[in-house]
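Have a look at it first, then read the points below in order.

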Amino acid sequence: MMKLTELFQRSRSSGASKSRKKADLLFDDAFQRKLETLAIVSRRVFAGRLKAERRSSKRGSGVEFADHREYTAGDDFRFVDWNVYQRLGKLLVRLYEEEEDLSVYFLIDCSSSMGFGDGRKFDQARRLAAALAYVGLAKLDRVTIVALQADGSSRMPTTRGKGQVFKVFDFLRGLQPEGETDLGARVTQFVAAHKRRGLAVLISDLYDPQGFENGINVLRYNKFEPYVIHIVDPTEAIPRLQGDVQIRDCETGASREVTVTDGLLRRLAQAMRDYHQEIDRFCARSQVTYFPADVNTSFDELVLNVFRHGGFLR
Amino acid sequence: MSLFGLPLATLGALFGGAALVTTVLYILKLRRRRVFVPFAPLWQRVLLDDDANQLFSQLKRWLSLALQLLLLALLVLALGDPRWGSKNDGRHILVLVDTSASMKSTDVAPSRLGAAKIQLLKLVQGLGAADRMLIAKMDAGVTPLSSMTADLGDLTEAVNRLEASDTRVDLRRGIDFAKDVLTGLERSEILLVSDGALDKNVLRSGELKDTKCSYLHIGHSSANVAVTAFSVRRYPLDKSRYELMIEVTNSNEVSATVELRLLGDGILVELTELTLEPGESDSRFYADLGGVSRTLEARVVARDPSLDYQPSDNHGYALLPERRRARVAVVTRGNTYLEAALLLDEYLDVTHVLPDAYPPAGAFDVTIFDGVAPPLDERGGSALYLNPPAEGGPVARGKALRDFGFDTWDRKSPLLRHMAPGNIQAASGYSLRPEPGDTAVATSDFGTFLVAGKRRGHDFVALGFDPRDSDFVLRVGWPLFLLNTIHYFSAEESDYLSAYKTGEVWHIPAAGDDEALQLVDPAGNQRTLPVRHGRAAYFGDRAGFYKLVTRGEGPKQAFAANLVDPVESDITPHAEITLGAARPVGISGFHDGARARVWIYLLLGVAALSLLEWISYHRRMTV
């Protein structure tokens, strides 16, 4: 298997563009080396057209034994378990788990709030998406990246194989955080356009005026397996503000005059904690995997430790 | 309460304008800083409570405006300088502080003047809101130390500058000054701060009839022992010796034993113990003293310190005239009487010259021409002509005189000091005709025969007869006359004033040609004195040794000054005094805190309110 760094080096030697070099800062060599050790763990197995490194619930021509069933006319004699017939006098057919490919969708929130401040949330979201997408590609999963944007969702065409990782990088690099968040509408568009069910990894700060539940529920109701990665910037809970200010929402532009006091900041921090707990409780109640990703946590720690310990990667 | 700063109308206009601006600025909504937040609905959740408190917030805004207006009102009011009391009831108080020598007495701590200053500072602090005060020190002169002012700082500084001198107080001068200052001023008042040791007789009986006078009495004891007279002089014929007179007075009501110490050149040369009866003055002469070249100081020390509270009159200072050799040229064909008389003073360098050999080599202070009158050499100094001839003498010779004597003479002339020339008789001689500017020192009924004057820059004395033709040479006055004349010429007077008296203007002879001299007083302070007609004038108020320094490497002079004043040494305090027609009463009208400057407290109030507002703002209690 050709390593990603080799592919990357080949790409660079073949005369990559300046924008590619800029992307290197976000997806540099060290970043890419770590990706090769990761794998996505999915709690559900979906049927696929191609054999991949995932076990499917469909019994088929795989190599790993799954079960027996009684022989019926038309079954392939090669799968009859003659040892059982000799002991029990019954014709039983061996069933094998068939390995199939998995559709993995990465839904990236590209609203203005993701780029708030110095854009660390959006960068973190893109790096996580890139990492997870690479792992999916490496396992021959069908990887699709969808950008949830205010003017509709844009997507990177479904691809497979880690040689396609630069398409992922290029797509992610071209994304800009702008516009309002409406997860419900954007995810509805996504569901309508993607009939093949699979793992839907929603990467967002979940700042949705219409409610963060809408988008997740749409995925649930349409048989996708939602996996929510909540990008969290703790500084947003304790803004460095004092005195008389006019606050303005970076997406909707809604404004309000307010006098910031220590008490108000304390209440704001408490409201932020309540909001996070609300999300957590909702996901737990809905059996949706929820993972808060702090932007202050280094990418290495986040991917190699937190995700692995959290059962997301192995 | 009255306003001593800006008038009320101006303050009202100021407050109105400033309050309007403040209110407008307060009502105008300031453009707030715009801050983007990632998710406004979270803020909305938090601010729901604030919306519920909107009415209270508005109320706090108005309270804040009221606070601002209160601060503004306090500031404007401070500009008005409000004070307690009426603006029109102010007094004009002239304070005459006795700073004479008696105020140095230590019967009250730290001294009478020190106690007076403490009392005076309290009075200054107790001045009424509209009162004005002028503080002047009064000793031999009157020196105002402040203007007629209400400024407590100036008055306090004036009080602190008060310093006692070694002089007698001149009440006449002080009262005249007070009357001049208070002329035309309403509610005027003289406050006399003194121990009452004043010569009240200098005031006329009807004086100060319409002037309110107050009296702040200082002191309680009259115990004192003082040097009330002190003088010293060298003997004319033996300048290495001197005689001294000193008078010590006991002002106590009991006898006092004192030590009298004489210090010559700083070294104890005489120690005498005296016992003085109450009120006794003991005058003592110390004759034929020697061993001292320059300074003499007398000190009296009471055995019992409680019998002497006045330290400044325990000293007497004197400076002996400086001894130096005078160079004398005698142009004579031989005169035994003259030569013998000149032998009496060992400080004379005498050179004998025959008339034909005149002028001799060298420079001289004095040239004595005996019966001859050649042209005076430029280096010959001053000249004494004995029986000058008709030609060449400094004055024209008149008619011949026979059997004449000193019928009239200038008794103050230094030429005839210590002499009684009335019975000197001359057999023959000539009258002299003094020119304008000359002085006729002695005349007979027939004409002037002793003249002093100046010719071509040289002093001269001319005697119109040959001493050998008289009994002058047989008398003790003859060598005295010669030595007086030589000392007069060489500015070495035998009646050299050993000390000046403090409280007077001194006209100090100045050596050299400088137009100004540096005077160093006993405390080491230096000041420049202008020289007019060869003398430097100075009002001396300190006892002790002084120095006069010329510029460059010129000669240094020294002299002494003494208090020696029996009046000032009588330190008996007087609780009640009479000033002319006025009988000064105790002080009144001074109240602590009357001059409290309200504006300071107003500003402090503003500062305190601002601090509270600042704290409440930053604690977000008023926003």
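1. Of the 623 residues in chain B, 49% count as buried, meaning under 20% relative accessible area with a 1.4 Å probe and protein chains only, while exposed means over 50% and partly exposed lies in between. Please keep in mind that the model is predicted: local features need pLDDT of at least 70, side-chain atom pairs count only at pLDDT 80 or more, and totals for chains, interfaces and linings use all residues. Residues are numbered from 1 along each chain as its sequence is written, chains are lettered from A and ligands numbered from 1 in the order written, and side-chain values use heavy atoms, without hydrogens and water.

2. Chain B holds 10 helices and 32 strands, taken as DSSP runs (helices H or I, at least four residues; strands E, at least two) numbered from the N terminus.

3. Where does B:Leu20 sit? Its place is helix H1 (residues 8-27) of chain B, and B:Leu20 counts as exposed because its relative accessibility is 57%.

4. Now for the two chains together: 30 residues of chain A are in contact with 23 residues of chain B, where contact means heavy atoms within 4.5 Å.

5. On the side of chain A that touches chain B, strand S9 (243-249), strand S10 (255-260) and helix H9 (262-285) are the elements giving two or more residues.
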